Amino acid sequence: MGTAEWREAPEESVAERSAAWRGPEAPDRDIRARGRARESAGEQQEYYRPLWVEEPARRHPLPDPVRTAAVRALLIMAVTLIQAMVAFLCTLAESWLAFPMVISSVASTVVATWAVVDVWVTRQVWNQRYGVVSEPSSTARALRRERRARRRAERAALREQERIRRRGGTGQLSHS
């Protein structure tokens, strides 16, 4: 139903017009669906469609310290951009405030750069302390595997020596 048709039919309610525009096959969400019912123990129950369906996140959310640093960096960058714009407008207006604003904009740029580097460093530190490397090509995993194999070989050699001692041997496999 177009705009002209809506103007011609003012006695219709908004709900009727939206239902006519949407069509009967697309019921409102979280409202009883017509024609759908579930049978359980002889009685009929109405079926409600949920308002939304939870989907798993594609990526994990940022850890709290990293998120805090990122918000801080964003606020500092926003203030820096505002200062730069004020400095530019003061310069165009030939105001006495132009020089102090340019100086403060330069200082804010340094601080904003530091804040962005802080986000990066905080993320790296968090990953080092709490992060789990789960890539198959991880060097840490290969080192752990080698260390476990070495320990296993040492334990097997110790067990073999113990077994020989228990048999009454002097630790040699052959008697000469």
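Student: Let us start with a single residue. In which helix does Gln83 lie?

Tutor: Please keep in mind that this is a predicted model. Gln83 lies in helix H3.

Student: Is Gln83 buried or exposed?

Tutor: One compares the relative accessible area with a cut-off, and under 20% a residue is called buried. Gln83 has a relative accessibility of 18%, so it counts as buried.

Student: Which residues is Gln83 in contact with, leaving aside its neighbours within four places in sequence?

Tutor: With those neighbours set aside, Gln83 is in contact with Met101, Ser104, Ser105 and Ser108.

Student: What about Ile82: is it buried or exposed?

Tutor: Ile82 is also found in helix H3. Its relative accessibility is 56%, and therefore Ile82 counts as exposed.

Student: How far apart are the C-alpha atoms of Ile82 and Ser105?

Tutor: They are separated by 8.9 Å, while along the chain the two residues are 23 residues apart.

Student: May we now step back to the whole chain? How many helices and strands are there in the chain?

Tutor: The chain has five helices and two strands. Taken in sequence order, they give the pattern α-α-β-β-α-α-α.

Student: What share of the residues in the chain is buried?

Tutor: Of the 176 residues in the chain, 13% are buried.

Student: And what share of the contacts with a separation of 6 or more comes from residues 24 or more positions apart?

Tutor: Such residues account for 34% of those contacts in the chain.

Student: How does one describe a pair of packed helices?

Tutor: The general idea is to give two values, the angle between the axes and the distance between the axes. In this model, the axes of H3 and helix H4, the latter spanning residues 98-130, come within 8 Å and cross at roughly 165 degrees. Because an angle over 145 degrees counts as roughly antiparallel, H3 is roughly antiparallel to H4.

Student: Is the crossing of H3 and H4 left-handed or right-handed?

Tutor: The crossing of these two helices is left-handed.

Student: Which classes of residue make up the contact of H3 with H4?

Tutor: The contact of H3 with H4 has 20 nonpolar residues, together with eight polar and three charged ones.

Student: Where does Phe99 lie, and is it buried or exposed?

Tutor: Phe99 lies in helix H4. With a relative accessible area of 61%, Phe99 is exposed. Its C-alpha atom is 7.6 Å from that of Ala87, a residue 12 residues apart from Phe99 along the chain.

Student: What is found in the loop between H3 and H4?

Tutor: Glu94 lies in that loop. It has a positive phi of about 55 degrees, although it is not a glycine. Glu94 is exposed, because its relative accessibility is 71%.

Student: Where do Arg67 and Asp64 sit relative to each other?

Tutor: Both are in helix H3, which spans residues 64-92. They are three residues apart, so about one helical turn separates them. Arg67 is partly exposed at 36% relative accessible area, whereas Asp64 is exposed at 51%.

Student: Which residue forms a salt bridge with Glu160?

Tutor: Glu160 pairs with Arg163, and their closest N and O atoms are 2.3 Å apart. Both residues lie in helix H5, residues 139-166, with a spacing of three residues, about one turn of the helix. Glu160 is partly exposed at 32% relative accessibility, and Arg163 is partly exposed at 33%.

Student: Which residue forms a salt bridge with Glu162?

Tutor: The partner of Glu162 is Arg165, the closest N and O atoms being 3.4 Å apart. Glu162 and Arg165 lie in helix H5, three residues apart, about one turn of the helix. Glu162 is partly exposed, with 41% relative accessible area, while Arg165 is exposed, with 52%.

How values were computed:
Residues are numbered from 1 along each chain as its sequence is written. This is a predicted model: local features need pLDDT of at least 70, side-chain atom pairs count only at pLDDT 80 or more; totals for chains, interfaces and linings use all residues. Side-chain values use heavy atoms; hydrogens and water are left out. Helices (H or I, at least four residues) and strands (E, at least two) are DSSP runs, numbered from the N terminus. Buried means under 20% relative accessible area, exposed over 50%, partly exposed in between (1.4 Å probe, protein chains only). A salt bridge is a side-chain nitrogen of Lys or Arg within 4 Å of a carboxyl oxygen of Asp or Glu. Axes are lines fitted to C-alpha atoms, for helices over the stretch in contact, and angles run from 0 to 180 degrees between N-to-C directions. Angles under 35 degrees count as roughly parallel, over 145 as roughly antiparallel, 65 to 115 as roughly perpendicular and the rest as oblique. A crossing is left-handed if the near helix is turned anticlockwise from the far one by less than a right angle, and right-handed if clockwise. Ala, Val, Leu, Ile, Met, Phe, Trp, Tyr, Cys and Pro count as nonpolar, Asp, Glu, Lys and Arg as charged, and the others, Gly among them, as polar. Contact means heavy atoms within 4.5 Å.
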